[in-house]
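Let's take a walk through this structure together, one stop at a time. Have the sequence and the 3D view open as you read.

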Amino acid sequence: MGLLTQILTLPLAPVRGVGWVANRVLEAAEDEYYDPAPVHRELAELERQLLDGEIDEETFDAREDELLDRLDEIRDRRDRGAL
């Protein structure tokens, strides 16, 4: 980028800055959303609740299916990103 271009586009710098920050926030949110560790912890906690008798088998199965679907979604996204 030449000096003249930088001078002429200087008024747009705040807009570019806001866009950059928004992209960083989006990346951080996606990293957190697509992290499998919390899902694994939830599965372990769910199993503990079942074994302790806090939930019944039907509740366990329904929630387990949701969490496993979530893990599939995470794996699919990571596989697409690895291409």
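This is a predicted model: local features need pLDDT of at least 70, side-chain atom pairs count only at pLDDT 80 or more; totals for chains, interfaces and linings use all residues.

Let's start with the charges. Side chains of opposite charge can pair when their charged atoms come close. How many salt bridges turn up in a search of the whole structure? The count is 9, and we'll visit a few of them.

Go to helix α2, which covers residues 13-33. Here E27 pairs with R24 in a salt bridge, with 3.0 Å between the closest N and O atoms. The two sit 3 residues apart in this helix, so about one helical turn separates them. Both partners are partly exposed: E27 has a relative accessibility of 40%, and R24 has a relative accessible area of 32%.

Now look for E30, which has a salt bridge to R77, where the closest N and O atoms are 3.2 Å apart. This pair reaches between two helices: E30 belongs to α2 and R77 to α4, so the bridge ties together parts that lie 47 residues apart in sequence. E30 is partly exposed at 27% relative accessible area, and R77 is partly exposed too, at 28%.

Next, find D52 and R48, whose side chains meet in a salt bridge at 2.6 Å, N to O.

Time for the surface patches. Back in helix α2, V25 is part of a nonpolar surface patch with W20 and V21, and together they have about 320 Å² of accessible area. V25 counts as exposed because its relative accessibility is 52%, and exposed means over 50%.

Another patch is negative, made up of D56, E57, E58, D61, D65 and D69. One of its members, D69, lies in helix α4 and counts as exposed, with 51% relative accessibility.

Step along to R70, also in helix α4, which spans residues 57-82. Is R70 buried or exposed? It counts as buried, because its relative accessibility is 15% and the buried class is under 20%. And which residues does R70 touch, leaving aside its neighbours within four places in sequence? Its contacts are Y33, Y34 and V39.

How values were computed: Residues are numbered from 1 along each chain as its sequence is written. Side-chain values use heavy atoms; hydrogens and water are left out. Helices (H or I, at least four residues) and strands (E, at least two) are DSSP runs, numbered from the N terminus. Buried means under 20% relative accessible area, exposed over 50%, partly exposed in between (1.4 Å probe, protein chains only). Contact means heavy atoms within 4.5 Å. Patches are made of residues with over 30% relative accessible area and no salt bridge: like charges are joined within 9 Å, nonpolar side chains (Val, Leu, Ile, Met, Phe, Trp, Tyr) within 5 Å. Accessible areas come from the Shrake-Rupley method with a 1.4 Å probe; for residues, only the protein chains shown count as cover. A salt bridge is a side-chain nitrogen of Lys or Arg within 4 Å of a carboxyl oxygen of Asp or Glu. Lys and Arg count as positive and Asp and Glu as negative; His and the chain ends are not counted. The place of a charge is taken as NZ of Lys, CZ of Arg, CG of Asp or CD of Glu.
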